[in-house]
Amino acid sequence: MLTRRHLLKSTSSGFGYLAFAALAHEQAARSAESAPNPLAPKKSHFPAKAKRVIFLCMEGAPSHVDTFDHKPKLTADDGKAPPRGRGGFGGGKLMASPFKFEKRGESGLWISELFPELSKHADSLCLLNGMHTDLPNHPQAFIQMHCGIFQFPRPSLGAWVLYGLGTENANLPGFVTLSPPGNNGGPVNYGASFLPAMYQGTKIGRGGFGGGFGGGPGAQQVANLKNPKQTPDAQRVQLDFVQELNQNALAAGGDNPEIEGLIGSYELAFRMQGELPKLLDTSNETAATLRLYGIDGGRGGAPAGPGGMGGPGGGGGFGRQCLLARRLVEAGVRFVELTVGGWDHHQNLKDALTNSCGNIDKPIAGLLADLKQRDMLKDTLVVWGGEFGRTPSGQGTGRDHNSRGYTMWMAGGGVKGGYAHGRTDDYGFEAVEGKTHVHDWHATVLHLLGFDHEKLTYKHAGRDMRLTDVKGNVAKEVIA
């Protein structure tokens with residue numbers, strides 16, 4: 001039986017089929033142009049309390065019993081053997097915190113002397129003292145904190161947020177990672193996995209132990225942000241030609257998430273060249289604002305240290321990251337992550353933890369204060385924490401890994417301020433009340449953003465996938 005397609009191919013040497021192919025291509029191109037932008041703002045499942053997230057990620061696992069989880073009994077039993085079944089991995093004796101705790105703010109939250117500036121915002125903090133995760137190994141726990149699961153590649157929390165909400169600024173990436181992690185999974189922690197590539201994080205600054213956020217404007221921290229060889233008009237002509245080739249490949253091969261992601265990323269990169277350099281250049285900030293974030297030396301700042309931190313007192317690197325985070329979310333970026341390494345304190349706990357906390361204390365306090373004075377903290381969820389905690393028992397002069405109980409905190413974005421949720425046992429070995437697994441934490445973050453974590457899904461490998469897999473409960477007690 002002669003089909004229309006066969007007739008067009010065989011009649012008049014196939015010229016009819018060539019015309020048909022041209023018409024089909026034009027129709028496909030028009031369809032692509034009229035298709036909705038997958039990064040456009042989207043409605044959440046229910047009214048959201050938070051519109052955006054800033055995740056302050058402490059890579060290496062901060063010690064909860066020295067920062068936000070006050071343990072008087074640990075101090076009283078210093079040097080004794082730990083209770084049966086709750087010893088450290090190295091079998092060390094109980095080690096009291098070398099730091100004093102005080103009740104802070106009107107709420108009376110217990111916070112150690114390591115955070116004199118952050119303590120001034122105690123009534124804005126919601127402590128999650130009952131956190132726990134599956135394994136006390138850095139790579140697995142770090143990836144699980146970001147992706148919900150460590151056994152297989154999965155989209156990161158930031159990618160899920162961008163997929164669910166879209167972005168408020170089409171000229172900027174919706175998910176940015178500042179000085180991203182170079183270890184413990186590296187790009188996996190800000191990747192999109194099976195989600196379309198356009199939802200992965202855009203990295204700014206060098207990952208791992210380098211940071212790259214010293215003094216000066218930050219525009220140079222994004223590779224190829226400027227094109228010294230072409231004018232914007234000439235580059236637009238070149239990009240149009242490349243995009244035409246990409247559209248041809250897409251029309252010929254059908255749906256292809258990789259090509260679609262490439263088309264979207266090229267367009268976004270072109271638009272970013274016009275807006276991002278101005279956003280990353282902090283030279284227009286006032287001296288008062290720079291001091292607020294602990295950026296020393298007026299408009300400069302101390303050189304960046306491990307993980308993008310500045311010098312002692314928080315100047316430079318990390319202070320500049322916090323300032324950039326505020327500028328990014330103010331400009332419409334949905335999810336910004338800041339990574340600080342160097343928290344794996346197996347030895348020399350007193351000096352090392354003092355230095356680590358000193359580097360972040362003033363910048364984080366400045367970030368919270370800046371968000372408050374701009375009336376942004378109420379709908380910006382700020383999250384702080386690492387992949388797990390440390391043992392109450394000593395390991396030489398430090399502490400070992402502890403995944404059974406630790407602390408994270410949240411502020412703004414619809415959470416209760418001046419509130420401590422959950423607790424560990426009297427020494428800090430294990431969460432015993434208000435237990436909050438990483439899956440529960442993810443479910444709670446998504447809930448604050450207006451999503452039912454069981455319904456924010458993407459079809460992959462024959463089933464609807466989600467960040468929390470088949471687990472997770474919203475910690476409703478922390479919601480204001």
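Strand β8 has six of its six residues buried and is therefore largely enclosed by the rest of the structure; here buried denotes under 20% relative accessible area, exposed over 50%, and partly exposed in between, with a 1.4 Å probe and protein chains only. Helices (H or I, at least four residues) and strands (E, at least two) are DSSP runs numbered from the N terminus. The model is predicted: local features need pLDDT of at least 70, side-chain atom pairs count only at pLDDT 80 or more, and totals for chains, interfaces and linings use all residues. Residues are numbered from 1 along each chain as its sequence is written, and side-chain values use heavy atoms, with hydrogens and water left out.

Both faces of β8 are covered, with Thr 380, Val 382 and Trp 384 buried on one side and Leu 381, Val 383 and Gly 385 buried on the other. Two strands are taken to pair if DSSP finds at least two bridges between them. By this criterion, β8 pairs with β1 in the parallel sense over six bridges, and Leu 56 has Trp 384 as its bridge partner in β8. Strand β11 (residues 406-411) runs antiparallel to β8, to which three bridges join it. In that pairing, Met 410 of β11 stands opposite Val 383.

Strand β1 (residues 52-58) runs parallel to β7 and is joined to it by six bridges; Glu 337 in β7 is the bridge partner of Phe 55. Strand β5 (residues 175-178) also pairs with β7 in the parallel sense, over four bridges, and in this case Phe 335 is the bridge partner of Phe 175.

Aromatic contacts were examined next. A pair of aromatic rings is described by the distance of the centres and the angle of the planes. Rings of Phe, Tyr and Trp (its six-membered ring) were paired if their centres lie within 6.5 Å, with planes under 30 degrees apart counted as stacked, over 60 as edge-to-face and the rest as tilted. The structure holds 13 such aromatic pairs. Phe 175 and Phe 335 form an edge-to-face pair, at 5.3 Å centre to centre and with 85 degrees between the planes. Because Phe 175 lies in strand β5 and Phe 335 in strand β7, the pair ties together parts that are 160 residues apart in sequence. Both Phe 175 and Phe 335 are buried.

Trp 343 and Trp 384 form an edge-to-face pair as well, with 6.4 Å between the centres and 85 degrees between the planes. Trp 343 lies in the loop between β7 and α10 (349-373) and Trp 384 in strand β8 (residues 380-385), so this pair ties together parts that are 41 residues apart in sequence. Trp 343 and Trp 384 are both buried.

Ser 156 is located in the loop between α4 (138-147) and α5 (157-165), and counts as buried because its relative accessibility is 0%. With contact defined as heavy atoms within 4.5 Å, and not counting residues up to four places away in sequence, Ser 156 touches His 146, Cys 147, Phe 175, Val 188, Asn 189, Tyr 190 and Gly 191.

Most residues other than glycine have a negative phi. Ser 179, in the loop between β5 and β6 (202-204), has a positive phi near 50 degrees. Ser 193 lies in the loop between β5 and β6 and has a positive phi of about 50 degrees although it is not a glycine. Ser 179 counts as buried at 1% relative accessibility, whereas Ser 193 counts as partly exposed at 38%.

Helix α11 (residues 438-448) has ten of its eleven residues buried, so this helix is largely enclosed by the rest of the structure. Among the buried residues of α11 are His 439, Asp 440, Trp 441 and His 442. Gly 450, which follows α11, has a positive phi near 95 degrees.
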